[in-house]
Amino acid sequence: MKLLLVTIALLAITAQTNAIKQEFKVIPFDDSKDTWNVTAGCAISCGGSSDIATDVEVALEPSDCTVSKNGGEFTLTSSYSLSEEITSGKASYKASLNGLPIVNQNDDLCTDLKDGPTPCPLAKGPHKSKITKPLPDGVPAGTFVAQQSWTTDDGTPILCLKYRIIVKA
């Protein structure tokens with residue numbers, strides 16, 4: 001969820017500076033988990049059977065994935081069940097706009113979650129969150145695809161989510 005907010009903020013900054021002063025590499029979304037297709041919806045789980053999170057459900061509204069550039073809002077809802085308590089970990093964020101990589105960063109998971117609806121420690125069992133946010137001014141039109149992955153400190157997968165938003169002028 002932080003990825004969505006971080007990436008939209010970066011899109012606004014990018015639109016204002018008209019240049020991205022960073023060397024880009026192709027974002028390697030894991031092909032073995034890349035099940036995206038036109039019928040998949042706006043948000044999917046990209047995790048595997050060995051993830052700590054099970055019964056993962058994620059949805060992005062509006063359901064047609066389209067958000068108006070000026071004043072448009074989106075709502076992200078996610079739910080999952082954890083097979084163990086999460087007290088620390090790593091968060092990986094990757095995103096592209098019209099196929100151009102714009103975000104590729106790694107953060108401390110609990111630092112990223114501290115101000116959200118599901119802060120650490122994340123207890124064993126079910127979790128649900130829902131956030132509604134407006135697009136910031138200056139976000140360019142285009143197709144935004146993002147992926148966030150959580151892992152434990154030793155690299156065990158916790159959760160993987162992938163989103164698609166089409167920003168219309």
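A: Asp 153 is partly exposed, with a relative accessible area of 43%; on this scale, buried means under 20%, exposed over 50% and partly exposed in between, using a 1.4 Å probe and protein chains only. The model is a predicted one, in which local features need pLDDT of at least 70 and side-chain atom pairs count only at pLDDT 80 or more, while totals for chains, interfaces and linings use all residues. Residues are numbered from 1 along each chain as its sequence is written, and side-chain values rest on heavy atoms, with hydrogens and water left out.

Asp 153 sits in the loop between S8 and S9. Such elements are DSSP runs numbered from the N terminus, with helices (H or I) of at least four residues and strands (E) of at least two. Neighbours within four places in sequence aside, Asp 153 is in contact with Ser 88, Gly 89 and Lys 90, where contact means heavy atoms within 4.5 Å. With Ser 88, the side chain of Asp 153 also makes a polar contact of 2.6 Å. That term denotes a pair of N or O atoms within 3.5 Å; within protein, one must be able to donate a hydrogen and the other to accept it, and residues adjacent in sequence count only if both atoms are side-chain atoms.

Thr 152 belongs to the loop between strand S8 (142-151) and S9. Thr 152 has 11% relative accessibility, so it counts as buried. Its side chain joins that of Asp 154 through a polar contact of 2.3 Å. Beyond neighbours within four places in sequence, Thr 152 is in contact with Ile 52, Ser 88, Gly 89 and Ile 158.

The structure holds 3 of them, a disulfide being a pair of cysteine sulfur atoms within 2.5 Å. Cys 46 and Cys 160 form one, with the sulfur atoms 1.9 Å apart, and its angle of -80° about the S-S bond makes the link left-handed. Cys 46 lies in the loop between S1 and S2 and Cys 160 in strand S9 (residues 157-168), so this pair ties together parts that are 114 residues apart in sequence. Cys 46 is buried at 2% relative accessibility, and Cys 160 is buried at 4%.

Another disulfide joins Cys 42 to Cys 65, S to S 2.0 Å, and is left-handed with -105° about the S-S bond. Cys 42 is in the loop between helix H1 (2-17) and strand S1 (43-45) and Cys 65 in the loop between strand S2 (53-61) and strand S3 (66-68), so the link ties together parts 23 residues apart in sequence. Cys 42 and Cys 65 are both buried.

Cys 110 and Cys 120 also form a disulfide, the sulfur atoms being 2.0 Å apart. This link is left-handed, with -80° about the S-S bond. Cys 110 is in helix H2 (residues 109-113) and Cys 120 in the loop between H2 and strand S7 (125-134), 10 residues apart. Cys 110 is buried at 15%, whereas Cys 120 is partly exposed at 22%. With bonded cysteines counted along the chain, the disulfides follow the pattern 1-3, 2-6, 4-5.
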